[in-house]
There are 2 protein chains.
Amino acid sequence: MRATVIHAARDIRVETVPDPVLSTGGDAIVRVVAACVCGSDLWPYRGVTPTRAPHRIGHEFVGVVEAVGEGVQHVAVGDFVIAPFYVCDNTCINCRNGVSTSCLHGGWWGADDRLGGFADGGQGERVRVPLADGTLVVVPGPVGDDEVPGLLALSDVMGTGHHAAVSAGVGPGDSVAVVGDGAVGLCAIIAARRLGASTIIAMSRHPQRQELARDFGATHIVAERGNVGITAVQEITGGIGADRVLECVGSKESMDQAIRSTRPGGMVGYVGAPNGGPELPVRPLFNRNVGVNGGVAPVRGYIDELLPDVRSGAIAPGRVFDLELPLRDAAAAYAAMDERRAIKVLLRP
Amino acid sequence: MRATVIHAARDIRVETVPDPVLSTGGDAIVRVVAACVCGSDLWPYRGVTPTRAPHRIGHEFVGVVEAVGEGVQHVAVGDFVIAPFYVCDNTCINCRNGVSTSCLHGGWWGADDRLGGFADGGQGERVRVPLADGTLVVVPGPVGDDEVPGLLALSDVMGTGHHAAVSAGVGPGDSVAVVGDGAVGLCAIIAARRLGASTIIAMSRHPQRQELARDFGATHIVAERGNVGITAVQEITGGIGADRVLECVGSKESMDQAIRSTRPGGMVGYVGAPNGGPELPVRPLFNRNVGVNGGVAPVRGYIDELLPDVRSGAIAPGRVFDLELPLRDAAAAYAAMDERRAIKVLLRP
């Protein structure tokens, strides 16, 4: 089959690789219907994290089950399934505590894990899914092709934006600022509105993304950054800062922006992978009672809650996909996201 | 009158200073019935924070109102009052948000603030209290002398321990570990039990404090620190760490202990003033979805909630005072706490 392999910074290739086979009794083989490129895939693409040897890449996909191991009970051949960006059993104590990204038996796509050998990356034609009963979520009934982008968003970005909002404790009537206008930041706006926030400030400098942010529920746009941006947030929020700030980038600058845009006693929900840092400055947090909560989003547990709203059209996270390419053009997909010509690229095998 | 002045590290003197006088219409003059020495007073005492010029010290006291300004409405001459460790109006947006330590118009004891000049330190015979209506809490009815320690604990340590528990989100059935066996840590145990925690682990190496911790509700004692201590906490909590960890020290080591003792998805509530740092390590927080919340405890807002339980005897935070001295022996009080001969010293003018 064909699958995407990263060889080095800016060297993405679609190559012929071995077809996946059932390895454990708990596996499924999924034919990928759609995959996509994640903002975190850009770290190795840009060379921020080194690529020491060629490896498969991609961790977001939806597809149709083609085969299952003899122990699989909740997933059947022919099912349309959503895969979260990691593997989990959904039964261990950490999964039951809502932190399936810390599953005691889980793993990651594209890794040679303990669970029967290599788990393919998502940007390919097929994937071996270990712990299929825990990992995969079945979408009931016929799935229309127009539904695919929204369902694919549940594999990562929509659940991750939702996790930022949940971690920050967003509730009815809150003022919320969102730092980052990538796919996760835009989904965080959807999540904040869905959870009842009355003021939603999108911090964005890009006209096209500002427009989508407004469609998703942003009530204000702040294009400025640094102290000017913080002042703008304070002016919108009665002089004190936002109740909840959702950090959806992961850089030192964005986390600083988030912390200083939060009102005393407020909370930062953060989901942007902090690449190699930064450390959190404790004094500005302590002195103003600003909390920090979040991390690698346990999206598996959120799919059940969010899926009905996606299917009903109440929320439309699939709109973050503003470019669709065939899998063979994966390199072009990376370039488009790297150069910010696309918010998020959907790949069709 | 007589009041305590710090001149330099380990140089505490009780001196004759000017009597306080009403300065603004919102002031009260309070005759101090009891004051105490705070763990944070030990930072300048030990020279960790420099004392550049002699200044008054102390920020915890209870007393009787001797005079009020013409604008004071909620406090009257003769009232027994509790003062939190800071001044606040209790009406601004930050106070209404529950963060009165960030009061837009507040200030600190022993400081020459905007509110009518010098606000005396608490370790003296009398104190001018600015913003008396917002700052002071009246204790209704006659106050027995045996009630004084418990009421005095509400000026800081009981509310601060409670803030650690509230910030960490302690609720019924939770497992809670408390890092720090000073007065605040011991009060955090009281708070965790009061909020319904079912497992309470006191991390303490001191037999006398372990005993008090058990009396306050600790179900387990862990004397070890570092990795051994973390393993001990995990063994008590099903292998994963405590749901909530209350950091009541403020050192780099104690915060590290707290973060690594928390289960994935859990929360650290921290109230130990981080003296000059440390920065928080973001990766161990992000990867395991461990949140950090807390800060300078807004105890003013907690007094109303905690006072009935103190008066009824349901909680007995006054037991943290294990040494009582006359005000003239303030220097001995500091030495006793510095050398950990006393948990907390009560001073009577």
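A salt bridge is a side-chain nitrogen of Lys or Arg within 4 Å of a carboxyl oxygen of Asp or Glu. The views below come from a predicted model.

**Figure 1. A salt bridge joins Asp243(A) and Arg263(A).** The closest N and O atoms of Asp243(A) and Arg263(A) are 2.6 Å apart, which means that the pair falls within the 4 Å limit for a salt bridge. Asp243(A) belongs to strand β14 (residues 242-247) of chain A and Arg263(A) to strand β15 (residues 262-270) of chain A, so the bridge ties together parts that are 20 residues apart in sequence. Both Asp243(A) and Arg263(A) are buried.

**Figure 2. Glu66(A) and Arg31(A) meet through their side chains in a salt bridge.** The N to O distance of this pair is 3.6 Å. Glu66(A) is located in strand β5 (residues 61-68) of chain A, and Arg31(A) in strand β3 (residues 28-36) of chain A; the two residues are 35 residues apart and link distant parts of the chain. Glu66(A) is partly exposed, with a relative accessible area of 32%, and Arg31(A) is partly exposed at 33%.

**Figure 3. A salt bridge in chain B connects Lys344(B) with Glu60(B).** The closest N and O atoms of Lys344(B) and Glu60(B) are 3.0 Å apart. Lys344(B) is in strand β18 (residues 344-348) of chain B, whereas Glu60(B) is in the loop between β4 (55-56) and β5 (61-68) of chain B, and the pair, 284 residues apart, links distant parts of the chain. Lys344(B) is buried, with a relative accessible area of 1%; Glu60(B) is also buried, at 1% relative accessibility.

**Figure 4. Arg10(A), Arg46(A) and Asp338(A) form a network of salt bridges.** Over all chains, the whole structure contains 42 salt bridges.

**Figure 5. Chain B and chain A meet at an interface with 38 residues from each chain in contact.** The area buried between chain B and chain A is about 2,900 Å², and carbon and sulfur atoms give 58% of this area. Val282(B), Phe286(B) and Asn289(B) supply 23% of the area that chain B buries against chain A, more than any other three residues. On the side of chain B that touches chain A, two or more residues come from each of α2 (93-96), β15 (262-270), α10 (282-287) and β16 (291-294) of chain B. The residues of this side comprise 19 nonpolar, 15 polar and 4 charged. Between chain B and chain A there are 0 salt bridges, but 12 residue pairs are in polar contact across the interface.

Figure 6. A disulfide is a covalent bond between the sulfur atoms of two cysteines. The structure holds 0 disulfides over all chains.

**Figure 7. Arg10(B) and Leu131(B) have a positive phi.** Most residues other than glycine have a negative phi. Arg10(B), which is not a glycine, has a phi of about 60°. Arg10(B) lies in the loop between β1 (2-8) and β2 (11-16) of chain B and is partly exposed, with a relative accessible area of 48%. Leu131(B) has a phi near 50°. The loop that holds Leu131(B) runs between β9 (126-129) and α3 (132-135) of chain B, and Leu131(B) is partly exposed at 23% relative accessibility.

Key: Residues are numbered from 1 along each chain as its sequence is written. Chains are lettered from A and ligands numbered from 1 in the order in which they are written. This is a predicted model: local features need pLDDT of at least 70, side-chain atom pairs count only at pLDDT 80 or more; totals for chains, interfaces and linings use all residues. Side-chain values use heavy atoms; hydrogens and water are left out. A disulfide is a pair of cysteine sulfur atoms within 2.5 Å. Helices (H or I, at least four residues) and strands (E, at least two) are DSSP runs, numbered from the N terminus. Buried means under 20% relative accessible area, exposed over 50%, partly exposed in between (1.4 Å probe, protein chains only). Contact means heavy atoms within 4.5 Å. Buried area is the accessible area (1.4 Å probe) that two parts lose on being put together, summed over both. A polar contact is a pair of N or O atoms within 3.5 Å; within protein, one must be able to donate a hydrogen and the other to accept it, and residues adjacent in sequence count only if both atoms are side-chain atoms. Ala, Val, Leu, Ile, Met, Phe, Trp, Tyr, Cys and Pro count as nonpolar, Asp, Glu, Lys and Arg as charged, and the others, Gly among them, as polar.
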